[in-house]
Structure formats: C-alpha cells, structure tokens
Amino acid sequence: MGPDLKNVKILLGVTGGIAAYKSAELCRHLVKSGARVQVIMSDAACRFITPLTMETLSGQPVHVQMFDPARRPLTHIEAPAEADILLVAPATADYLARCATGRASDLISAVTLAFAGPVLAAPAMNTNMWRNPATVRNLHTLRDEHGWHIVAPGSGELACGTVGEGRLADTDDILRALTGLLRKDLNGLRILVTAGPTVEDLDPVRFISNRSSGRTGYAIAAMAARRGADVTLVSGPVSLPAPPRVTRVPVRSALEMEQAVLGRAADMDVIVMAAAVADYRPETSAPQKIKKGTDDTMTVKLVKNPDILLALGRLRGTSDRPVVAGFALETEHLVENAQKKRAQKNAHIIVANLAQDALDGDTTRAVIVDDTGETDTGGVSKEALADRLLDICAARCGRSR
Ligand SMILES: Cc1cc2nc3c(=O)[nH]c(=O)nc-3n(C[C@H](O)[C@H](O)[C@H](O)COP(=O)(O)O)c2cc1C
C-alpha cells in the first residue's frame, strides 16, 4: 500500500534528464495516493517525455512556458501559493545550478525561487556531472543555505552506458522522503515561540532596542506549524509577515513579552525563546518627548528586565513539560557557554549561535545542547536550524519523524 497523501497539493517539477520518463511513474503513484499534482516541466524535459503523458497522469494541465499564448499563464507566484511541497524529479545539474544562483529565467526556476515551502529534489545525472565540484558546491548551497531536502541518486548502470553514481533514486525512496517531510509529527503539540527584539521606550519617540530581525524565531514558528503544531508566536516589533497557520501575539517591551509568555506557559508543550529580550530598560519612560537640555551629557538610568527564560526554567522545575529551549548568542566557546547557560536557566535545550552570523547572515553555525549531548549543525539556513531544533523538541515529546 502506498503512502496516504490525501488532499496534499504537490508541485511536481520535471527537468530535462534521461530519467524524466520515470517522473511519469512517480506522478502516477502520487495521484494514486490521493495527492493533487500540478506538473511543471522544463523545455528540455519535454524533449524526453511529453506534457500530454504528464497531463493525462496528473489530470491537470501541465505548464512549461512562463509566457504561454495558448493558455492562461500559470504565474510563478500563483503556482507556489497553493502547494504544500515542491518535488523536482529528476533535477538536472543545470536546474540545480540555476537555483543555487537564484535564477528565475524559466518557469520551473522562477516557481522554485518564489516557493516558500519545503523543496525536495531528486538529482539525476552522469557520474562526472554529479561529482563535478560545481554540482557539489551547488548542492551544498541548496541544502545548507536554501534549506532544500535532497534524495541522493543511487549507483548503478546509467543511461549513458557507464556505471556509477547519478541514477535517479528509486520511486519508493522518493516517496519515503516526501512523506517524511509531509508528516505532521508535531500534530496536537502546543508550541510557543518568541521572536524579534524587545523595544524599551525612553519617551514617546525614542527607545532602546537591538538588531534582532526575528527571522530565526519566525522560521521556527513557520516550521512548527508546517509540521502540524498549534503555534503561538509572541513577537517583538519586526517587519516580517506572520507565517501561515500561526497565532501571532505582538508585544513591544520585555515586560509585555514576559506577561504574554508566562500567561500561556502552563498550556504549552514546548516553549522556544528565540527573542532577543533587552537585559535592561530605562527606569522611567517619559510621558512627553524629552527636551534637549543645556548639559553636554545626559544619564539614563537602566533597570534590569525580568529573565523570562529563567522564570520558565523555575516554572518547569523538574518536570519534562513544557520543554524549554533558549538561545545563547555567543562570540566564542559555543559549547561551554551553552552548557553553562542551560544549567543556570534550568532549560532543557540551549541553542548557541555565533553573534556574527546570527544577526546578519543567511546561514548560521549553531550548537544545540541538551542533557543527551550536543549537535553541531555546521553552517545551515535558519530553516534547517529550525528543523533540527524541532526534531530534538519532538523527540523530547515522544514524537519521531
Ligand atoms: C540525451 C541527453 C540526456 C541528458 N541527461 C541529463 C541528465 O541525466 N542529467 C542532467 O543533469 N542533464 C542531462 N542532460 C543535459 C540537460 O538536458 C541540459 O543541461 C538542459 O539544459 C537541462 O535543462 P533543464 O534543467 O531546464 O531541464 C541530457 C542531455 C541529453 C541530450
């Protein structure tokens, strides 16, 4: 019996390799498993297998051209908006190269670039192409920076007559990877995530804050919702849209964040404190704009903000729930500092990342520590980091992917 993909909306991308004929079988399996499959083919793919075949198997019009006078265009924005996942099989070396460099020069690349959901690619190519440093580098970029999931090709006899790596993974392996990604392993879990900076007002027009963009916390919230959790996102002021199916609770100051978090903590299975909470706030916030004085200096007295992570650590005591995860922004000694902070705050998990790339970079190297040890993620995208952290939280809640 195949996987249950009832009502799952899949964008199936087919690019121009000899293995394109296998995408017909894959499409058939997906449809038989209940999925709604929208096929997009590259021009080159149409040299190997006809759109008519894919149209007949998917039961939906197939799109190839960005500008197709014969039919209403499927825009690169419209197609991704609907889909739960983008599966590209086979994925050519050239397609991987286009995506790794952010090209949007044809429909399938443009759709990929515009797609915010999970991407699963099954590359297939000649062994030398597969081992070429350019392809290796592109895959590295796509996996670690873009958060792609890759079903590695198998070894065997290739269509070009050689034997080696590069053969499209078996349909069963692709389906297994797909269902793994779609599995709602966090279904029913209530997860609270904090994100962004806090803003501590000096007067109605001035404040003290920090450079947190909120992207890590938002990536965790989005990923948790995608994996089926019931997500509350307590967010400081950021310029990011609320992720789909996430309840956002906007807050401004550390005191507001404390109230929003502690008021909900008892109902949560997992709490991830990814916000950059200001350690101090001005002792008073003036009700009117502070006027420039005659003195050359001005002193602002700061008072300590509550330590929300510590409060959560105390609240959970020796209990397993809620699972409490905190972040530590470090400039050095990631593991030692993370372990120390975990003990000090009585948190289950601490994610330590480097300040340099956590603030500015698209990728970050993080070390996730808990009582079972540490996981060094290497340089990964915020989405990949979110996935790893949620895997650990899920395991602590008795869930596995
Ligand atoms: C007979 C034949 C077989 C090919 N097989 C592959 C292949 O398996 N993998 C691959 O990456 N490219 C393969 N190519 C090259 C691609 O078709 C070519 O790079 C094309 O530009 C890919 O376009 P696309 O990525 O838009 O589909 C093959 C070309 C030919 C003529």
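Around the ligand there are 15 residues, and those that come nearest are T15, G16, G17, S42 and T92, where a residue is taken as near a molecule or strand if its C-beta atom, placed from the backbone, lies within 6 Å of it. This is a predicted model, in which local features need pLDDT of at least 70 and side-chain atom pairs count only at pLDDT 80 or more, while totals for chains, interfaces and linings use all residues. Residues are numbered from 1 along each chain as its sequence is written.

The shell around the ligand receives the most from helix α5 (residues 93-100), which gives 3 residues; helices (H or I, at least four residues) and strands (E, at least two) are DSSP runs, numbered from the N terminus. Sorted by class, this shell holds 9 nonpolar, 5 polar and 1 charged residues, with Ala, Val, Leu, Ile, Met, Phe, Trp, Tyr, Cys and Pro counted as nonpolar, Asp, Glu, Lys and Arg as charged, and the others, Gly among them, as polar.

On the scale of the whole protein, the chain is divided into domain 1 (9-182) and domain 2 (190-396), with bounds that come from an automatic or database domain assignment. The contact between them takes 4 residues from domain 1 and 7 residues from domain 2, two residues being in contact if their C-beta atoms, placed from the backbone, lie within 7 Å. On the side of domain 1 that touches domain 2 there are no nonpolar residues, but 2 polar and 2 charged ones. The C-alpha centres of domain 1 and domain 2 lie 37 Å apart.

The backbone also deserves a look. The peptide bond from A89 to P90 is cis, with omega near -5 degrees, and P90 belongs to strand β3 (residues 85-91). Another cis peptide bond runs from R321 to P322, with omega near -10 degrees, and here P322 sits in the loop between α12 (308-316) and β16 (323-330).

Although N7 is not a glycine, its phi is positive, at about 65 degrees, and N7 is placed in the segment before β1 (9-14). N7 counts as exposed because it has 9 C-beta neighbours inside 10 Å, given that a residue is buried if 20 or more other C-beta atoms lie within 10 Å of its own, exposed if 12 or fewer, and partly exposed in between, with C-beta atoms placed from the backbone. H333, also a residue other than glycine, has a positive phi near 45 degrees and is found in the loop between β16 and α13 (334-345). With 11 other C-beta atoms within 10 Å, H333 is exposed.
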